[in-house]
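Here's a walk through a single protein model, going from individual side chains out to the sheet and the cores. Keep the viewer open as you read.

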Amino acid sequence: MNKKVLLLLVVMVCTFTIAQAQVNYLKGYAILKDGTRINGLIGKFEQDPWFNQRYILFKDSAEFAANPKLKAKKYRADDLQSYQMGNLIYDKVHFVDTENLQLKSLGTNDHMLERLATGRINAHKFYQYPPDTQGFIGTEEEYIEWQKKNHNDLLNGYKILIAKDNDAKRKNAFDVEMLKYFEDTPEVAQKFKDGSYGNEPVTQKKGLAARMVALAKKVAFKPQEAEAIVKAINDYNKTN
């Protein structure tokens, strides 16, 4: 086999190997599905946050104190209700990502998602998962760049899943008209419309060019737009 064919074979296992090497353990706790609380250290996948949606790596506090070389125990989403590591709280959320259906999704569509807001409007961050299988033919340098781009696309392509009151279906805040969610609280709606939360001001122009410009700005400034949406939602929840 030449190098190009070998690259086609290794790509399927590369992502998980990288993720294992970048786990940072933080103090926290987990609530198991039977309601039991366990305290300890929870592994945070710093560069591959989608793995924390599938499972956690957990080290019991007492056992770790007695044995710093303690091997972590894996708890999958099905085993958990919620967990906290550091200042981040994760809730179990049912969501079918129809844009990225995979074999692993056939068993469960429950994910442990980072909580961004809670109240009348709940918001969680959702990362899509790496593909079940991938194929690549090219040089080693081309493969590294290709893999880096795929990884960055996953990091930057997250969704903010929102549900208001008794909504059963969660929607991506980047794809909906947020003003409709705030319309029963005029002061929040007006601030969001004006861009007072740091978001792109809502324009009433309906032309294709205006919509394309607004969309381009949202994509270019996604982190700022995401922060603004969460601020507005939290403001709304405080008011309601």
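Let's start with a charge on a ring: the charged end of Arg54 sits over the ring of Tyr129, 4.0 Å from its centre. The test here is that NZ of Lys or CZ of Arg lies within 6 Å of the ring centre and within 35 degrees of the ring normal. Lys222 does something of this kind with Tyr158, lying over the face of the ring at 4.4 Å from its centre.

Some ground rules before going on. This is a predicted model, with local features needing pLDDT of at least 70 and side-chain atom pairs counting only at pLDDT 80 or more, while totals for chains, interfaces and linings use all residues. Residues are numbered from 1 along each chain as its sequence is written, and side-chain values use heavy atoms, with hydrogens and water left out.

Now the overall build. The protein has 8 helices and 10 strands; these are DSSP runs numbered from the N terminus, with helices being H or I of at least four residues and strands being E of at least two. Buried residues make up 40% of the 240 residues, where buried means under 20% relative accessible area, exposed means over 50%, and partly exposed is in between (1.4 Å probe, protein chains only). Take contacts, meaning heavy atoms within 4.5 Å, between residues at least 6 apart in sequence: 58% of them join residues at least 24 apart.

The 10 strands of the open sheet come in the order E4-E3-E2-E1-E5-E6-E7-E8-E9-E10, with antiparallel pairing. Two strands count as paired if DSSP finds at least two bridges between them. Strands E4 (73-76) and E10 (171-172) stand at the edges with a single partner strand each, so one side of each is left without a neighbour in the sheet. Further in, strand E6 (residues 88-94) runs antiparallel to strand E7 (residues 110-117), joined by 5 bridges, and Asp91 has Leu113 in E7 as its bridge partner. Helix H8 (residues 222-239) packs on the sheet, touching E7, strand E8 (121-126) and strand E9 (159-164), and its direction makes about 75 degrees with that of E7. That angle is taken between N-to-C directions, on a scale from 0 to 180 degrees, using lines fitted to C-alpha atoms (for helices, over the stretch in contact).

On one flank, strand E2 (residues 37-45) pairs with E3 in the antiparallel sense over 3 bridges, and Gly40 stands opposite Asp60. E3 is also joined to E4 by 4 bridges, again antiparallel, with Lys74 in E4 as the bridge partner of Leu57.

Which strand holds Lys59? Lys59 is found in E3, and at 12% relative accessibility this lysine counts as buried. Leaving out residues up to four places away in sequence, Lys59 touches Tyr25, Asn39, Gly40, Leu41, Phe64, Leu70 and Ala72.

On to the aromatics. A search of the whole structure finds 13 aromatic pairs. Rings of Phe, Tyr and Trp (its six-membered ring) pair if their centres lie within 6.5 Å, and planes under 30 degrees apart count as stacked, over 60 as edge-to-face and the rest as tilted. Phe58 and Tyr75 are edge-to-face, at 5.9 Å centre to centre with 80 degrees between the planes. Phe58 lies in strand E3 (residues 55-60) and Tyr75 in E4, so the pair ties together parts that are 17 residues apart in sequence. Phe58 is buried at 5% relative accessible area, and Tyr75 is buried at 12%. The rings of Phe95 and Phe126 have centres 5.1 Å apart and planes at 70 degrees, so this pair is edge-to-face too. Ring pairs also link Trp50, Tyr127, Tyr158 and Phe174 into a cluster.

Finally, the largest nonpolar core has 36 residues, and those with the most contacts inside it are Ile160, Ile162, Met178, Phe182 and Ile233. Such a core is a set of buried Ala, Val, Leu, Ile, Met, Phe, Trp, Tyr and Cys residues joined through side-chain atoms within 4.5 Å. H8 gives the most to this core, with 7 residues.
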